[in-house]
Amino acid sequence: MNTVVTKVAVVGSGRSVCASSLAKNGVCVTLFESARGPGGRMSQRREVSEDGKELVFDHGAPFFTVNNAEVLGLVREWESRGLVAEWKQNFGSFDCSSNKFFDMEQEGLTKRYVGVPGMNAICKALCQEPGVERKFGVGVGRMEWLESENLWSLTGLDGQNLGHFQGVVASDKNIVSPRFTSVTGRPPPLDLNLVPELAAKLQDIPVIPCFALMLAFAEPLSAIPIKGFTMINSEVLSWAHCDSSKPGRSAASERWVLHSTMEYANSVIAQTGLQKLSEATLKKVAEEIFHEFQSTGLSISQPFFKKAHRWGSAFPATSIAKEEKCLWEKNKRLAIAGDFCVSPNIEGAIVSGIAAASKLTEMLSCL
């Protein structure tokens, strides 16, 4: 591999598996993340209650499962490093029309994995591996292809020059999605005219929004016999889990995370748009979701902490590259990777990231 320039930009810490894989193959990686820390949907939320208690929540993906052999190999490695553990609890479903549990699943039937001590532990560790330079709080505002130099030039949202790179790995949400404009008021960083072969596939990938409600209770919700359950026949709630029941979590309080239905989230977004929500709106959402939880008849006590969070594009509603596993522009060394390529879950994102790293490593070795 040419040792003069082997730099790749990875946009979004959700592609940290890709960044790690590239670095292990001798590529210098700069990872840009607009948020304060790594994780994306695997991020961990830190909050402080009114009486000063520090609370942490996995307010995005509650767990992940694995079927792919290559991903299972990575999970085994992460387990040996103490980054991942199996969440050994009972799960099931709850019918909100009859207020009854059903499909109760015994512990261990399906292996559910979680990051330790939080879901972001995996991304955090991978971002810190040798060869990966991390830049948190730095959003990419513009990507330009320099034809004469055969390089990508990246500019930050603040106009700062972020450098030149031989290749780029990103997600549709980071660089081409119209939702980028809805949130920032700016055009997406990548002009799709630069990648006409990919443009059609990348145009407005449908997503499923979701609200998460974080709750903390002084006493256990003892009327609930399981620690995670899908909810049916509710217009508001789709999922609930006891976050503090996961391995490596503090047991100082019982913490629950609820996820709304897509229909409920869309009804709120239809009124508010995708701009940052007001505290009043978030408080109203929190009250409505909690009221639905109380309506289950499960003797839900009043929490001492309650806060809602919006995932505006939580899950992709389609998979656009199941065979290729990522979108690849060979001549410009651009890979678009994420769960929207393979399957709408963490395993899908990992598989796509591995594929993107493989494409870039192969191309860069020929330069």
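In the hairpin of β6 and β7, four residues lie between the strands, and N99 has a positive phi near 55 degrees. The model is predicted: local features need pLDDT of at least 70, side-chain atom pairs count only at pLDDT 80 or more, and totals for chains, interfaces and linings use all residues. Residues are numbered from 1 along each chain as its sequence is written, and side-chain values use heavy atoms, leaving out hydrogens and water.

**Hairpin**
- Strands β6 (residues 91–95) and β7 (residues 100–105) run antiparallel and are joined by four bridges.
- Two strands pair if DSSP finds at least two bridges between them.
- F91 stands opposite E105 in β7.

**Helix α1**
- Helices (H or I, at least four residues) and strands (E, at least two) are DSSP runs, numbered from the N terminus.
- Seven of the nine residues of α1 (residues 16–24) are buried, meaning under 20% relative accessible area with a 1.4 Å probe and protein chains only.
- These buried residues are S16, V17, C18, A19, S20, L22 and A23.
- G26 follows α1 and has a positive phi near 85 degrees.

**Cavity**
- A cavity is a set of points on a 1 Å grid over the protein atoms alone where a 1.4 Å probe fits but cannot get out; its lining residues have an atom within 4 Å of a point.
- The whole structure has one cavity of 30 Å³ or more.
- The largest cavity has a volume of about 30 Å³, the volume being the space filled by probe spheres set on the points.
- Its lining consists of R41, G60, A61, C210, H259, W311, A314 and F315.
- Strand β18 (residues 305–316) gives the most to this lining, with three residues.

Terms used. On a 1 Å grid over the protein atoms alone, a cavity is a set of points where a 1.4 Å probe fits but cannot get out, and a pocket is an open set with protein on both sides within 12 Å along at least five of seven lines; lining residues have an atom within 4 Å of a point. Buried means under 20% relative accessible area, exposed over 50%, partly exposed in between (1.4 Å probe, protein chains only).
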